[in-house]
Amino acid sequence: MTVSADLAGELTQLVGENGVETRPDVLHRLSRDFSWLSPILTRDLRPVTAAAGVRPASVAELVAVLGFAYQRGLAVTPRGAGTSNYGQSVPMVPGIVLDTTKLSGIHDIGKHDVVVEAGVTFADLENALAEHGREVAVMPSTVTSTVGGFLSGGNQGIGSIEFGSIWDGWVRELTVVGCVEDPAPVVVSGSSMNGHLHAYGTTGVIARARLLTAPKRDRTVLFAAFDSLAAATRAGRKLMDLPVPPRAIAIDDQAIWETFIPHDGHDGTVLLRAMLEVGTAEQGRTATVADGGRVTAIDDAAVRPMMSSVYNHSTLRAFRSDRGLAAVQIRGSAIVENEKEVRSTLPGSRIHLDGNAPRRFGKGYSGLLLSNWVDDATLENGIAALRAIGVVVVNPHTWLVGSHGGLEDYLAAAAAFDPRGLLNPGKLVPQCR
Ligand SMILES: Cc1cc2nc3c(=O)[nH]c(=O)nc-3n(C[C@H](O)[C@H](O)[C@H](O)COP(=O)(O)OP(=O)(O)OC[C@H]3O[C@@H](n4cnc5c(N)ncnc54)[C@H](O)[C@@H]3O)c2cc1C
């Protein structure tokens, strides 16, 4: 689909000349994400380059664009920073990319929460909150990604030991706009948000969010080398109970950590990093040593680098040194209880774990099992074997909404907010497979 002069003109009337993007190279970039991390998505996902990009600069413009798309039957793929790794922000049907990055207002920084527009990045929000002695409660390791993109495509990250996942109460309220005949912002809260969180933009576009904030704390990073995953996870679990919970804990096999952390004395097969509140660092050291850890550094300067080297950044960093890897998302105590079997389920396996406490699982670890990519059957058999020994597995090699559960909520919300099926088509209902 190429955008006709008429269509570009009509979009310009809605959002102004600067709000319409028609340059082919930019449109191509706006139509891709990080799904290339998956060999299966790289092969099977059929991205379409959008005919036009539209950047509303206000909620009123967003409403106008969605009303226009509804009238014209135009497919709309919402987009923040485009860092999603399941193909969530890749259009599968010709139409427009709705780039939310100009919706960058930070409003109403209160004592305990903040109201932000969808295109605000976590890096900007963190800076703005710091001036008020507050910080973001939970953010992804992609700190330059947007609030709307995280709430629609991510689920947990830095801060999740204390505040859990996006479903655990720190998202107070969403303002959602549907692709309907006469759109208007709708405020949703409580369980009504279930149909919109992690929905890949298929059930309305998030215009604003009210998010809980946390007191700003000074932090440092404790590094500790261990000879076994079991000892490292035991120590990490104790750190999660410190009086001020760590903002992040990551545990990596050497084959992963050595791809992005200089050795600098970190010996041992497994490296634990814990982002601790400075006042708890010595308590953290004692707990770590008690479990056989060798504390190799406590370093304030490592806080920023750690933010961008946890969760899926371990995949990205390891992938950069070995393009032949594939990842599956894993969770649960069975990872360590059955470590030997876990490691034997897939060839060349290596483990990354993040400490977190989503409400439905409690304090523990989720992470990534990286392995050498062979073929679909090897991966599927590996996933089945992991499940058979009690590991919770989320398969990251699908672009379908609801693969993490909650499909009924999404379908109900889509019926109300997207009756013509124009929002990110192909993601909620697999018509494009
Ligand atoms: C290296 C790496 C590390 C990552 N780390 C984490 C992590 O720690 N935790 C985590 O949860 N995820 C992580 N992710 C996944 C992803 O980066 C995050 O979820 C990120 O917050 C997505 O934000 P974005 O602005 O890039 O969204 P995009 O990729 O632009 O969009 C994500 C999805 O949301 C939709 N969308 C975007 N904006 C809106 C809106 N306003 N309303 C409705 N729908 C919208 C899009 O259509 C798409 O389906 C990681 C990915 C990579 C590649």
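These legends go with close-up views of the ligand site and the cavities in a predicted model.

Local features need pLDDT of at least 70 and side-chain atom pairs count only at pLDDT 80 or more, while totals for chains, interfaces and linings use all residues. Residues are numbered from 1 along each chain as its sequence is written, and side-chain values use heavy atoms, with hydrogens and water left out.

View 1. Ser141 puts a polar side-chain atom 2.8 Å from a ligand nitrogen, and Ile206 has a backbone N or O atom 2.8 Å from a nitrogen of the ligand. On the oxygen side, a polar side-chain atom of Ser89 sits 3.1 Å from a ligand oxygen. Taken alone, the ligand exposes 980 Å², and the protein buries 98% of that (Shrake-Rupley areas, 1.4 Å probe).

**View 2. The shell around the ligand.** Count every residue with a heavy atom within 4 Å of the ligand and you get 36, the closest being Pro78, Gly80, Thr83, Thr146 and Gln156. By class, the shell has 11 nonpolar, 24 polar and one charged (Ala, Val, Leu, Ile, Met, Phe, Trp, Tyr, Cys and Pro are nonpolar; Asp, Glu, Lys and Arg are charged; the others, Gly among them, are polar). Which element gives the most to this shell? That's α6, with five residues (elements are DSSP runs: helices H or I of at least four residues, strands E of at least two, numbered from the N terminus).

**View 3. The largest cavity.** The whole structure holds four cavities of 30 Å³ or more, and the largest has about 80 Å³ of space. A cavity is a set of points, on a 1 Å grid over the protein atoms alone, where a 1.4 Å probe fits but cannot get out; lining residues have an atom within 4 Å of a point. Points are joined across faces, edges and corners, and the volume is what probe spheres set on them fill. Among the lining residues are Asn85, Asn312, Gln329 and His397. The lining has four nonpolar, six polar and no charged residues.

View 4. Two or more lining residues come from each of β7 (134-136) and α7 (160-163). The class tally is six nonpolar, one polar and five charged. Domain 2 (106-216) and domain 3 (219-394) both contribute to the lining, so the cavity lies between them.

Methods. On a 1 Å grid over the protein atoms alone, a cavity is a set of points where a 1.4 Å probe fits but cannot get out, and a pocket is an open set with protein on both sides within 12 Å along at least five of seven lines; lining residues have an atom within 4 Å of a point. Domain bounds come from an automatic or database domain assignment. A polar contact is a pair of N or O atoms within 3.5 Å; within protein, one must be able to donate a hydrogen and the other to accept it, and residues adjacent in sequence count only if both atoms are side-chain atoms.
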